Amino acid sequence: MSDTPPSPETVPVEEGKPSLWERISIVWLVPVVALVVALGAAWNNYNNQGPLLRITFDNAAGVKAGETVMRYRDIRVGLVEDVSFTDDLEQVEVAVRLEKELADYVDADARFWVVRPEVSAQGVTGLDTVLSGVYIQGVWDSTPGGFSAEVVGLPNAPLLGADQQGIEFTIRSPASLPAANTPIVYKGVQVGQVAAAEIDDGGSGVSARAVIFEPYTELVSSGTRFWDVSGFSFSLGAGGARLNFDSFASLITGGITFETMGSGGTALAEGAVFELFPNEDAARDDFLVEGDGESVTLTMIFEQNLSGLSAGAPVELGGLRIGEVASLTGYVDADRFGDDDVRLLTTIRINPGRIGLGDGADEDDLLDYLERRIAEGLRGQLTNASLLTGGLKIILIDVENAAEAELDRNGDPYPVIPTTEADITDVATSAQGVLQRVNDLPIEEVMQSAIGFLDNATALIGSQALQEAPEELRGILASVRGLTEGDEVQGIPGQVSGMLSDLQEISGSLNTILAELERQGLTETLTGALDRVGEAADGLPGLVTRVDAILAEAENVPLGELSDEISALITAAEAIIASPEAQQIPGEVTVALNELQSVLASVNAVAGSEDTQGLPGQVSTVLSDLEEIAGSLNTMVSEIERQEVVTRITDAVASVEQAADGLPDLVDQADAILRDAGEVPLETLANRTSDLLASAEALIDQPSTRALPAELNGALEQLTLTLEELRAGGIVDNANATLASARDAASAIEEATQLLPGLATQLRGVANEASSTLSAYGRQSEFTRETQGAIRQIEAAAAAIERLARTIERNPNSLILGR
Amino acid sequence: MACRRCARVWPMGRDRCGRCGGKLSSRDTKSLQKVWAWWIAGIVAYIPANIYPMLVTNTLVSSSESTIIGGAVEIAKYGSYGVAAIILIASVLIPVGKFLAIAFLALSSVRGSSVSPGRRTHLYEIVEFIGRWSMIDVFVVAILSSLVQLSVVASIRPGPAALTFALSVIFTMLSAQAFDPRLIWDAERRAPNGKTP
């Protein structure tokens with residue numbers, strides 16, 4: 001069999017082609033893995049790349065591409081990839097590669113600024129950037145708001161740093177604000193900061209943004225007042241000199257502090273506006289005026305344009321400060337006032353809360369109140385705030401009988417309060433007036449008048465006519481004696497005794513008649529009548545008492561005054577006596593005495609005449625006639641007796657009794673009359689009398705009276721009048737007192753003047769001390785040298801660090817290479 | 001058949017060296033594959049080694065990162081041409097030369113070359129010798145990093161390039177080792193065979 005299968009040995013064995021896996025070395029995994037790793041790394045790198053943020057800055061000094069980083073909360077979150085200019089070359093555009101996971105937070109509200117080293121009075125900031133170079137600080141809130149690729153960077157660091165929370169507000173001042181970055185300090189702790197000040201529109205003041213950090217924002221409310229504690233203040237007052245500075249740091253750096261002076265008030269809100277006061281007192285004053293309520297602005301127009309009123313001067317109502325003067329200016333309005341005078345237009349601010357209208361009082365409440373008060377006479381008035389400084393203030397006072405005026409609510413620009421005349425006392429003018437009046441006193445004339453009066457009195461007493469008067473009187477008495485020693489007169493007693501015996505007879509007849517009457521029972525009737533009379537007499541003691549009282553009152557009559565007045569009258573009379581007419585009186589008296597003498601002489605002659613000698617005879621005849629008459633009377637009595645006249649008499653006596661019954665009434669009436677008399681205001685009477693005397697005096701002092709002595713008498717009258725007035729009015733005392741006061745005032749002024757140099761010396765001493773203190777801070781002092789030395793050393797250190805930094809930056813290898 | 005480890009010659013057919021226990025093979029069939037694989041890995045590693053910074057120098061003022069070539073150029077700018085030349089030679093010339101040499105050897109063993117096998121073997125020996133010194137850059141970086149650690153003032157850290165450069169060197173060494181120099185002579189013998197009909 002030929003088809004025997006070939007033996008296995010002969011069958012060509014082809015080696016099976018090894019599979020691909022067998023042929024390929026395991027080592028190939030290495031480059032594959034390497035590639036995968038490389039590609040993965042590359043992809044990962046690309047995938048993790050954040051977005052590019054473009055920030056435009058005004059100034060990007062120190063920002064370098066590839067080197068400057070962006071930080072958020074001091075952690076690097078990006079790197080500057082490119083620095084270029086904007087299209088208009090006005091700004092620098094910085095492209096920052098931001099970390100991807102932060103991109104969403106960087107929204108339109110994000111803020112960026114370049115942090116640079118800054119050396120200021122407040123300290124050194126950004127010191128780390130000296131070595132590491134500047135970096136870009138980014139701040140954004142923690143809520144994602146979509147990525148914003150183009151943002152504008154801030155030129156300076158914002159008030160609220162990257163890791164600070166707080167409330168921003170505005171602080172303004174009419175004068176000046178402290179430098180940027182001045183701290184706001186509360187009880188020594190910095191709780192905020194002030195940014196750089198900017199001038200308001202129109203240049204009326206400056207304002208700056210400020211911030212109070214959390215959690216101190218609760219310390220500030222609308223009742224808070226800020227004031228400047230920068231530097232130091234030097235004040236010289238009643239308490240002596242005072243040098244104030246809050247802390248040494250604030251002396252250099254300045255500072256602002258505040259205090260919340262009233263509770264309540266609204267909490268600090270974003271964008272609130274506060275005023276910065278120059279010192280604590282001003283702040284407190286403002287709070288007193290402003291309180292926490294809104295103040296109302298009003299105007300007043302004063303007729304007088306007086307110096308001394310200034311902005312900030314108080315406005316007072318009843319001694320209570322209710323506001324202040326906001327501003328003042330001249331005002332001319334010919335249409336309104338009818339002339340071209342310059343008037344003082346003041347703008348005042350009043351706080352309704354200070355008047356007591358309540359916390360909720362608003363402008364209308366205040367205006368209603370003022371309108372009511374102005375209708376009652378309330379007016380604005382300028383008055384002295386201080387006598388020494390001459391400062392003025394405005395007070396609102398009630399003026400009696402004020403001219404009609406009302407609150408002009410529609411005044412432009414503010415309601416107008418009517419005003420009244422200023423009440424300004426000028427010390428100098430008053431003192432001058434007193435001295436002028438003393439100077440004007442007519443002392444010379446008074447002395448001359450007194451001398452003249454004494455001369456006149458001497459002349460009167462020494463006049464011959466007055467000395468002759470006693471002689472004349474003696475003559476008159478002699479004549480009278482001669483008359484009485486005449487025989488006829490001596491004979492009169494005898495005739496009289498005859499007449500008396502006749503009368504005795506008549507009485508005897510009457511006695512008989514009375515006996516007859518008694519006989520006829522008239523006695524009882526008479527007794528009754530007498531009893532009545534006795535009753536009536538009982539009332540008499542009362543009467544006497546009344547009279548006594550009247551007399552007592554009369555005693556109480558100011559007789560002294562009366563006598564004073566009388567003596568004054570007499571003095572006035574003396575004045576008259578002193579007059580030439582009065583001096584002529586002695587002469588006239590002499591003449592009168594002469595006449596009287598001649599009258600007496602004629603009387604003497606008459607007495608010695610025959611008719612007169614016959615007079616006693618006639619008298620005797622008359623007496624005998626009387627005797628006859630008595631006889632006929634006797635006869636008549638007996639006739640009456642005979643004709644039962646007694647009965648009639650009895651009737652008459654009864655009538656008398658009836659009449660006596662009426663007596664008590666009469667007594668009562670008399671009593672009443674006396675009582676009335678007692679009630680008569682004797683004092684008034686006396687006063688009236690005094691007045692009368694005064695009137696008399698006045699009458700005597702009247703020009704008409706004075707006209708009698710006429711011009712010759714002028715000096716004496718002057719004296720009398722002056723002495724009268726001096727005595728009556730105590731003018732001399734007053735003048736003395738005035739002079740004494742003036743002297744006291746003068747000596748006080750002298751003392752004050754003597755004190756002034758001392759004060760000046762003290763002032764100079766204080767000034768010297770202040771100057772030495774200040775000069776100690778000056779150029780040559782050790783302190784300054786030390787400070788300068790320290791600053792110079794700091795400068796040197798900074799320069800050294802800067803050199804080191806520059807060297808290292810330029811040549812990092814020098815570190816390695818040791819060069 | 002020689003042991004590649006201890007160089008003792010054994011008769012054919014034995015698969016283990018009787019002296020050192022090493023595996024014996026007449027030819028490494030996958031030698032070229034391994035060479036190319038390591039070579040490619042080396043190239044891959046060499047690229048980032050030149051792109052990424054070799055040294056990160058942090059000083060007080062700044063932080064700088066320098067790549068191999070950048071550093072060499074910078075040093076040359078300061079006038080230290082010698083140092084720059086050393087860096088360039090050690091870090092650029094030698095690795096690149098090695099890549100080229102290995103590639104040349106591998107290619108020539110397959111396709112033949114005008115260069116005599118003796119010279120090629122010599123080249124191979126040079127490559128192998130230099131390979132162990134190629135890590136000099138890495139050593140420099142390692143030494144600097146450990147020496148210059150002056151806290152904030154200055155510190156030097158190895159950059160990512162240091163790692164990849166080391167990897168690259170290792171890969172090229174492995175690549176060179178994977179090459180079987182006998183292949184050079186195999187090609188020499190095959191060539192006359194090929195010429196014979």
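In the predicted model, A:Arg54 stands opposite A:Ala95 in strand S4 of chain A, where helices (H or I, at least four residues) and strands (E, at least two) are DSSP runs numbered from the N terminus. Strand S1 (residues 52–57) of chain A is joined to S4(A) (residues 92–98) by 6 bridges, and these two strands run antiparallel; two strands are taken to pair if DSSP finds at least two bridges between them. Strand S3 (residues 75–85) of chain A is likewise antiparallel to S4(A), to which 7 bridges join it, and here A:Ser84 stands opposite A:Glu93. The hairpin of S3(A) and S4(A) has 6 residues between the strands, and within this hairpin A:Leu89 takes a positive phi near 65°.

An open sheet of chain A is formed by 7 strands in the order S23-S24-S20-S21-S22-S19-S25, with mixed pairing. Its edge strands are S23 (378–384) and S25 (416–417), each of which pairs on one side only. S23(A) pairs with S24(A) (residues 392–398) in the antiparallel sense over 7 bridges, and A:Leu392 in S24(A) is the bridge partner of A:Asn384.

For residues 26–46 of chain A, an unreviewed UniProt entry lists a "transmembrane region"; UniProt positions are given in the numbering used here, feature names are shortened, and annotations may be inferred rather than shown by experiment. Over residues 26–46 the chain is 86% helix and 0% strand, and the end C-alpha atoms are 31 Å apart.

In chain B, helix H1 (residues 31–51) and helix H3 (residues 81–111) pack at an angle of about 155° with their axes 11 Å apart, the axes being lines fitted to C-alpha atoms over the stretch in contact and the angles running from 0 to 180 degrees between N-to-C directions. H1(B) is therefore roughly antiparallel to H3(B) (under 35 degrees counts as roughly parallel, over 145 as roughly antiparallel, 65 to 115 as roughly perpendicular and the rest as oblique). Residues of H1(B) including B:Trp36, B:Trp39 and B:Gly42 meet residues of H3(B), among them B:Phe99, B:Ile102 and B:Ser109, contact requiring C-beta atoms, placed from the backbone, to lie within 7 Å. By class, the contact of H1(B) with H3(B) has 12 nonpolar, 2 polar and no charged residues (Ala, Val, Leu, Ile, Met, Phe, Trp, Tyr, Cys and Pro count as nonpolar, Asp, Glu, Lys and Arg as charged, and the others, Gly among them, as polar).

Residues are numbered from 1 along each chain as its sequence is written, while chains are lettered from A and ligands numbered from 1 in the order in which they are written. As the model is predicted, local features need pLDDT of at least 70 and side-chain atom pairs count only at pLDDT 80 or more, whereas totals for chains, interfaces and linings use all residues.

How values were computed
Two residues are in contact if their C-beta atoms, placed from the backbone, lie within 7 Å.
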